[in-house]
Amino acid sequence: MKTGGQLIVDALEANGTDRIYCVPGESYLAVLDALHDSPIRTIVCRQEGGAAMMADCHGRLTGKPGICFVTRGPGATNASAGIHIAMQDSVPVILFIGQVASHAKQREAFQEVDYVRFFGDIAKWVVEIDDAARIPEFVTRAFAVATSGRPGPVVISLPEDMLTSLAEAPEALPHTLVETRPGGAELDALEKLLGKAKRPFVILGGTRWDAAAVARMRTIAEAWSLPVGCSFRRQMLFDHLHPNYAGDVGIGINPKLATAIKQADLVLLIGGRMGEMPSSDYTLLKSPYPDQTLVHVHADAGELGRVYRPTLAINASPSAFVEAFAGRKPAATPAWADETPKLHAAYLDWSTPPESGPGAVQMGPIMNYLEKMLPDDAILTNGAGNYATWVHRFHRSRRFATQAAPTSGSMGYGTPAAVAAKELFPERDVIAFAGDGCFLMNGQEFATAVQYDLPIIVVVVNNGIYGTIRMHQEREYPGRVVATDLKNPDFAALARAYGGHGETVEKTADFAPAFERARASGKPSIVEIRLDPEAITPTRTMTQIRDRS
């Protein structure tokens, strides 16, 4: 006989959980008590949204479900931001929520929420435990659901009495990973389509990749001379300095790359959904009927034909697909072989940052410095905002598991993600990029980095505005500024107040020594860049946007 709390922890251990992210609550004290005697590492966070985003980053970088525990009511609703990210980004996460006791349900008891209804549209599966003896069954099923097909978040509601009551339950067994593999006929069909193509293009996206799959994809690209692009915020899926790399298929796409995709006669989409952002509002691939021959490879059959009608649908995970196709070679040198290096050259030109711009701080030279200084395995995280353009356009990713950024465009992600990344990979450099507005949405998780001695570096690009919204505001309603100005703290002083290291950069030349001092400090650090709000994009000033010039 064990308590429900003990059964939860036993099931987590059986399924390979080594750490959880949480904000404690009285609604799941029995689980916390069981964790006291468990080898599972408990990371205590400062707000539930940050905890859920840490769990998302864990799932994103490892492919294994990130585990998050929060209390009922406000705790759960705070965590919903991270669950929405995990859903749209196809990341395995399991959120456990303390719930009111069974006898108090349906009475609008203290902090009561119907989680099945609340999370129903933003989670892959939501369940409430009503029999403690079934806890091992439901937890193991949660791992299976979170990782199978298109991965995503699972939410488990835990009534308080389910956690404190004693129950006799079967020992939890680990979940079985469900793999989907391509058939020989599908691979033959793809080979024939490639044989007929004149201008093919490959787009990599989604999840269920690993380092071996990324390496096999490189082998396929080399054998077939294929140009390869990475979907929005999935840049870590292909080496950017490889001669077959053509660029980022995301927001603010290189016009030459957009033209190449539109003019392609065959698009091989592997792993991704090609949603609104990477498809440039469904213009690169028209929905529901693309102009190009479309071969769509996806682990979830429900995604095949959902938005685009593919010529060839292959129900397979990216890793299984590239493993199966890697042994196939073209019969002769492909007709498009000479065009692929031209697309790479266009990418290199597009990803070379400008040296000048308005104000005393130039982001172009800063990005050049970081590209030369950071090792290939450095992990870069960010949330959302115009500042992220500098990272996504000008950082040349070289290795898998080096990027954590929400394709859903959620602000406040970078700092908690950096905490989780550094906790997972303490030997690697972890750099979070954040705007001033973005940082203050979950900047309190900097305290978590200090608590666990995780020397992340947060680069806060401070221009005193909600930059992306101001840009759109100035374009659509020139000169009519409302609700986009910000008065910020001294971020370097804030870092020191938390017990970390702080630096302020007001001239371009200040950045390199400030960053090096932060890195050498051995502490969690904030390097604040005070950027002129005119420098709103790498190529256009705010005045140019306002004047539509």
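Visitor: Leaving aside its neighbours within four places in sequence, which residues is V70 in contact with?
Guide: This is a predicted model, in which local features need pLDDT of at least 70 and side-chain atom pairs count only at pLDDT 80 or more, while totals for chains, interfaces and linings use all residues. Residues are numbered from 1 along each chain as its sequence is written, and side-chain values use heavy atoms, with hydrogens and water left out. Taking contact as heavy atoms within 4.5 Å, the partners of V70 are V23, Y28, E48, G75, A76, A79, L95, F96, I97 and G98.

Visitor: Is V70 buried or exposed?
Guide: V70 lies in strand 4; helices (H or I, at least four residues) and strands (E, at least two) are DSSP runs, numbered from the N terminus. Buried means under 20% relative accessible area, exposed over 50%, and partly exposed in between, with a 1.4 Å probe and protein chains only. The relative accessible area of V70 is 0%, so V70 is buried.

Visitor: In strand 5, which residue is the bridge partner of V70?
Guide: Two strands pair if DSSP finds at least two bridges between them. Strand 4 (residues 66-70) and strand 5 (residues 93-99) have five, in the parallel sense. The partner of V70 in strand 5 is I97.

Visitor: What is the handedness of the β-α-β unit made by strand 4, helix 4 and strand 5?
Guide: A crossover is right-handed if, with the strands pointing away from the viewer, the path from the first strand over the helix to the second runs clockwise. Here the helix is helix 4 (residues 74-89), and the unit is right-handed.

Visitor: How many of the residues of strand 5 are buried?
Guide: In a regular strand the side chains alternate between the two faces of the sheet. In strand 5, V93, L95, I97 and Q99 are buried on one side, and I94, F96 and G98 on the other. The count of buried residues in strand 5 is seven of seven.

Visitor: In strand 7, which residue is the bridge partner of G98?
Guide: Strand 5 runs parallel to strand 7 (residues 153-159), and seven bridges join them. The strand 7 partner of G98 is L158.

Visitor: What arc do the buried residues of helix 10 cover around the axis?
Guide: The buried residues of helix 10 (residues 255-263) are L257, A258, A260 and I261. The arc is that of the directions from the helix axis to the C-beta atoms. These residues lie on the same side of helix 10 because their arc is only 160 degrees.

Visitor: On the other side of helix 12, which residues are exposed?
Guide: In helix 12 (340-350), the buried residues are T340, L343, H344, A346 and Y347. What covers them includes strand 9, strand 11 and helix 10. On the other side, the exposed residues are K342 and D349.

Visitor: What is the volume of the second largest pocket?
Guide: On a 1 Å grid over the protein atoms alone, a pocket is an open set of points where a 1.4 Å probe fits, with protein on both sides within 12 Å along at least five of seven lines, and lining residues have an atom within 4 Å of a point. Grid points are joined across faces, edges and corners, and a volume is the space filled by probe spheres set on the points. Helix 3 gives the most to this lining, with four residues. The volume of the second largest pocket is about 530 Å³.
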